[in-house]
Amino acid sequence: MAYYIRAKSYYRYALDLFKDLPKLKNNLAELQKRAQEIFKLGMKAVWALSYITPPEKSPEFEELWEKTLESLDSEDIPKIEKIKNILFSDTSDEEKILEATKTFLEIIKKILQPIL
């Protein structure tokens, strides 16, 4: 049951960070950094469902990515890959980052819906 609590905590923290994201619209670097943090927290929420007891070492990005992809519906995989490309690209603009982050959190919410 503790893994549900961890998953919910990661998701709620990501939502809290998202609430302040529009305030960073005039600072692209900070906006992108915060959006990437939200992305990682969302993936950690999905990852937390895979481990009853957390490992001693925090997971690497690739492990988070793989666990998230395993949990997605096949129709969401291209969406999440596009979101990842937007958030980790040097050529994204503020609106794309905000919209991609919002879409990402909706996908994560769909995955976590049974425990929310």
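These legends walk through a few close-up views of a predicted model. Residues are numbered from 1 along each chain as its sequence is written, and side-chain values use heavy atoms, leaving out hydrogens and water. In this predicted model, local features need pLDDT of at least 70 and side-chain atom pairs pLDDT 80 or more, while totals for chains, interfaces and linings use all residues.

**View 1. Helix α2 packs against helix α3.**
Here α2 (residues 28-48) meets α3 (residues 61-71) at an angle of about 65°, with the axes 8 Å apart. Helices are DSSP runs of H or I, at least four residues, numbered from the N terminus; axes are lines fitted to C-alpha atoms over the stretch in contact, and angles run from 0 to 180 degrees between N-to-C directions. On the α2 side look for F39, K40, M43, K44, V46 and W47, which touch F61, E63, L64, W65, K67, T68 and S71 in α3 (contact means heavy atoms within 4.5 Å). By class, this contact has 7 nonpolar, 2 polar and 4 charged residues.

**View 2. Helix α4 runs into α5.**
The axes of α4 and α5 come within 9 Å and cross at roughly 145°. From α4, the residues taking part are K79, I80, I83, I86 and L87, and they meet K96, I97, A100, T101, T103, F104 and I107 in α5. That contact divides into 8 nonpolar, 2 polar and 2 charged residues.

**View 3. I80 sits in helix α4.**
I80 counts as buried because its relative accessibility is 0% (buried means under 20% relative accessible area, exposed over 50%, partly exposed in between, with a 1.4 Å probe and protein chains only). Leaving aside residues up to four places away in sequence, I80 touches F39, W65, L69, L72, F104 and I107.

**View 4. F39, F61, W65, F88 and F104 form one aromatic cluster.**
Rings of Phe, Tyr and Trp (its six-membered ring) pair if their centres lie within 6.5 Å; planes under 30 degrees apart are stacked, over 60 edge-to-face, and the rest tilted. The whole structure has 5 aromatic pairs. In one of them, F39 and F88, the ring centres are 5.7 Å apart and the planes are at 75°, so the pair is edge-to-face. F39 lies in α2 and F88 in the loop between α4 and α5, so this pair ties together parts 49 residues apart in sequence. F39 is buried at 0%, whereas F88 is partly exposed at 31%.

Definitions and conventions. Helices (H or I, at least four residues) and strands (E, at least two) are DSSP runs, numbered from the N terminus. Ala, Val, Leu, Ile, Met, Phe, Trp, Tyr, Cys and Pro count as nonpolar, Asp, Glu, Lys and Arg as charged, and the others, Gly among them, as polar.
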